[in-house]
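The sequence and the structure are shown first.

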Amino acid sequence: MTEVIEPSAGDGQALMVAGDALPGTIFLLAQDARPFFPGQAFPVVMSAELWLPTFKALKDRGQDVVGVVMARGELKEAPTAERLHRMGTLCRIHKLQRHDDVLHVLLEGLERFEIRSWTRESLPLAARVRYFPERALPPSDPDAVKAYAVAVINTLKELVPLNPLYGEELKLFLARSNPNAPAQLADFAASLTSADSAELQRILETLPLLPRLEKVLELLRHEVAIARAQKEIRDHVDGTVADHQRKAFLREQLKYIQKELGLSKDDRQADAERFRKRLEGRTLPPVVSKRLEEEFEKLAVLEPQAPEYGVTRSYLDWASQVPWGHFGQDQLDLAQAAKVLDAHHSGLQDVKDRILEHLAVAALKGEVGGSTLLLLGPPGVGKTSLGEALAEATGRPFFRFSVGGLRDEAEIKGHRRTYLGAQPGKLVRALVDSQKMNPVILIDEIDKLHQGPGGDPGAALLELLDPGQNHAFLDHYLDCPLDLSRALFLCTANQLDTIPAPLLDRMERITLSGYLAEEKVAIAERHLVPRHLKKAGLKKTQFKLPRASLRLLIERYAREAGVRQLDQTLGALVRKSARQLLEHPEQPARWDRDAIELALGPAPEPLGLPEDRPGQAQGLAWTALGGATLPIEVAAVTDAQPGFVLTGQLGSVMQESATLAWQHLRDQAEALGVDLAPLLKKKIHLHVPAGATPKDGPSAGITMATALLSLALGQAPRKRLAMTGELTLGGAVYPVGGIREKLVAAQREGVKTVILPAANARDVKPLPAAVTRGLTIHYVSRFEEVAKLAFPSRF
């Protein structure tokens with residue numbers, strides 16, 4: 001049982017000196033950082049607002065000792081008795097100073113105490129206590145205590161080399177304490193550690209000496225581990241820094257020795273020699289040579305630390321990489337070019353013929369002259385890959401960049417050198433990357449340029465694509481003329497409407513209308529399927545896709561003009577085959593109709609041909625995605641005021657075409673033998689399906705008039721019929737554009753009979769036979785001819 005010495009019964013009003021009896025009632029200070037231990041001196045900073053009344057009470061009572069106890073949690077306001085631990089340390093006040101709102105107090109720990117009862121539970125706090133002097137707590141096993149004390153001392157010796165601060169603390173302890181006193185040693189060692197307040201409070205509350213030494217030794221071992229890890233980190237950092245400093249010093253010495261022996265040059269000379277070496281063998285125009293010599297002279301006098309040095313060095317770095325006067329030799333073998341184009345693309349024979357004709361002219365001249373070709377067509381028809389094929393066929397390097405969404409002309413012509421971080425434009429980078437002055441440069445998505453705060457990129461392209469100007473193209477960064485007259489420029493676009501007219505005027509147009517079903521089959525078998533199998537690591541025998549299934553994919557799941565959707569669909573089937581092969585190695589995937597529908601779901605239903613009922617007609621339309629069918633519906637509303645209503649997000653031109661078609665039918669009703677009297681008493685509603693898609697253009701004029709005529713006759717047009725053409729107020733049928741795309745769409749949708757304006761016969765004649773295969777085309781110049789073809793049993 002622990003022996004406790006009760007304090008004297010005095011009121012504690014006399015000043016306490018060493019060896020005097022300790023007061024039974026004391027004032028208390030609360031601390032939330034760390035508990036205090038007997039035998040230790042420590043400064044404390046406290047709030048004057050909270051604790052000044054306590055020190056005034058001590059002064060009034062004439063005491064210079066105060067109890068210090070740990071609070072539970074952070075002290076932000078006056079503590080209550082419930083928040084304070086019962087065990088604390090009696091401390092002597094050696095010094096008290098006030099600075100503004102804080103108190104600086106120097107305390108010395110004397111004895112442990114335990115609160116017996118509270119005499120005052122609000123500030124200033126006071127309580128009756130009992131003390132636990134170490135002389136009243138003799139150890140039960142002196143030998144074990146001595147052994148633990150030696151272990152604590154040895155552990156402290158391990159700490160001293162790891163952190164010099166521990167040595168200073170140990171010197172102070174030895175100066176004012178007896179190292180042979182294990183109780184003081186335990187309290188000192190505990191206060192030396194960085195343990196949290198809860199661990200230290202448990203040690204303060206451990207009265208028997210042997211368990212206290214055990215806990216302290218455990219904390220010290222943990223402290224040694226932390227200090228050793230900190231020392232390793234510190235030594236590593238110091239060693240790294242010292243190694244870098246040593247290497248830097250040796251490099252400076254080596255540089256000086258080499259300079260004295262004439263074996264090395266400074267940064268300016270090294271940079272200048274490297275740039276001049278790049279220019280060896282290049283044919284520089286006189287104006288460029290003069291400009292670069294001025295920059296070399298500037299580089300020679302500038303200090304490498306000067307900001308202008310970096311600007312000049314960067315300029316010479318770019319200028320010296322341009323292949324001045326270095327042109328590649330063109331390959332003008334038409335047979336080889338045809339092989340390359342066929343290897344890259346299946347179908348598009350008319351497009352290939354145009355490119356070969358262009359190369360034939362170049363062969364007669366001896367070189368492919370600078371020109372600009374515009375590849376126009378829907379997405380996924382191979383415009384970009386056609387550019388790569390053309391570069392391979394001519395033996396020229398290929399460079400591609402996209403101007404879709406571009407708003408800053410500096411991307412084309414470069415930034416001026418006055419700007420921070422200035423860079424040359426795309427054309428200089430194309431020459432540097434290709435190391436030829438005559439590469440094939442593909443400018444992608446030219447129909448998606450935008451004018452922004454940084455200028456008009458379209459205007460910047462005018463100089464680039466004009467054969468009369470690009471022999472001296474001026475990049476703002478280099479500020480030197482570049483000869484791009486022998487470069488071959490290819491541009492790609494989905495539509496012409498958004499291309500500025502002056503820019504369009506500088507380009508020779510080649511239209512890629514889309515692929516027929518047979519061409520898609522060939523592309524899938526020769527290119528798409530092998531590429532996906534290689535990507536997935538499958539063999540041909542592990543992926544069974546009959547041609548009938550491939551046609552099903554093309555006709556039901558990938559009906560677009562290009563092959564991008566077909567490529568994605570085939571990729572999905574190959575991935576599913578790979579999974580099935582891993583899960584069921586004995587059953588390789590075979591994709592028949594049922595398996596395809598199970599894997600991909602039901603095929604999306606197209607708009608298709610109109611139902612076989614009056615008031616409908618099928619048109620043909622051109623879109624940026626290729627050709628498409630355009631169903632038109634007309635209905636008469638009985639319970640409404642007479643009128644004419646249009647729906648389906650029709651543009652202004654299409655609305656005018658609908659109004660014109662209705663007006664023409666009213667004017668020619670008698671000539672056509674149609675009684676419109678019942679319809680004139682009703683509201684006529686004309687609708688174009690797919691109402692979420694905006695539509696415009698005059699080519700649906702005869703289709704709208706046919707749908708209105710069908711409603712008036714009460715008879716549906718002939719089956720599998722589609723038409724396109726602009727209708728005038730007098731009934732004439734004017735030509736329209738996009739004939740190839742419209743015929744491809746008609747063939748794709750199962751149309752058998754097509755009505756076209758007579759003036760479009762010239763557009764059909766040069767088309768490949770595959771485009772018109774299976775179609776019966778009738779040419780008309782008047783709407784009366786359209787009516788006879790659409791309603792042969794009536795007219």
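## Basis and burial

A residue is called buried under 20% relative accessible area, exposed over 50% and partly exposed in between, with a 1.4 Å probe and protein chains only. The model is predicted: local features need pLDDT of at least 70, side-chain atom pairs count only at pLDDT 80 or more, and totals for chains, interfaces and linings use all residues. Residues are numbered from 1 along each chain as its sequence is written, and side-chain values use heavy atoms, with hydrogens and water left out.

## Aromatic pairs

A pair of aromatic rings is described by the distance of the centres and the angle of the planes. Rings of Phe, Tyr and Trp (its six-membered ring) pair if their centres lie within 6.5 Å; planes under 30 degrees apart count as stacked, over 60 as edge-to-face and the rest as tilted. Four aromatic pairs are found in a search of the whole structure. One of them joins F36 and F42, whose ring centres are 3.6 Å apart and whose planes stand at 35°, so this pair is tilted. F36 counts as buried at 10% relative accessibility, and F42 counts as buried at 12%.

The rings of F399 and F401 have centres 6.2 Å apart and planes at 50°, so this pair is also tilted. F399 is buried at 15% relative accessibility, and F401 is buried at 4%.

## Charges over rings

A charge sits over a ring if NZ of Lys or CZ of Arg is within 6 Å of the ring centre and within 35 degrees of the ring normal. The charged end of R276 lies over the ring of F296, 4.0 Å from its centre. The ring of Y315 has the charged end of R417 over it, 4.2 Å from the ring centre.

## The parallel sheet

Strands of a sheet pair through backbone hydrogen bonds, either parallel or antiparallel. Here, strands (E, at least two residues) and helices (H or I, at least four) are DSSP runs, numbered from the N terminus, and two strands pair if DSSP finds at least two bridges between them. Five strands form an open sheet in the order 8-9-12-7-13, with parallel pairing. Strand 8 (398-402) and strand 13 (508-511) stand at the edges with a single partner strand each, so one side of each has no neighbour in the sheet. From one strand to the next, the twist averages 20°, with axes taken as lines fitted to C-alpha atoms (for helices over the stretch in contact) and angles running from 0 to 180 degrees between N-to-C directions.

Which strands does strand 7 pair with? Strand 7 (residues 371-376) runs parallel to strand 13 and is joined to it by four bridges; L374 stands opposite R509, and L375 has I510 as its bridge partner. Strand 7 also pairs with strand 12 (residues 488-493) in the parallel sense, over six bridges, and there T372 has F489 as its bridge partner. Six of the six residues of strand 7 are buried, so this strand is largely enclosed by the rest of the structure. S371, L373 and L375 point one way, while T372, L374 and L376 point the other way.

## L550 in helix 18

L550 belongs to helix 18 (residues 547-557) and is buried, with a relative accessible area of 2%. Leaving aside residues up to four places away in sequence, L550 touches V521, A524, E525, L545 and L570, where contact means heavy atoms within 4.5 Å. L550 and I596 are 46 residues apart in sequence and 9.9 Å apart in space, C-alpha to C-alpha.
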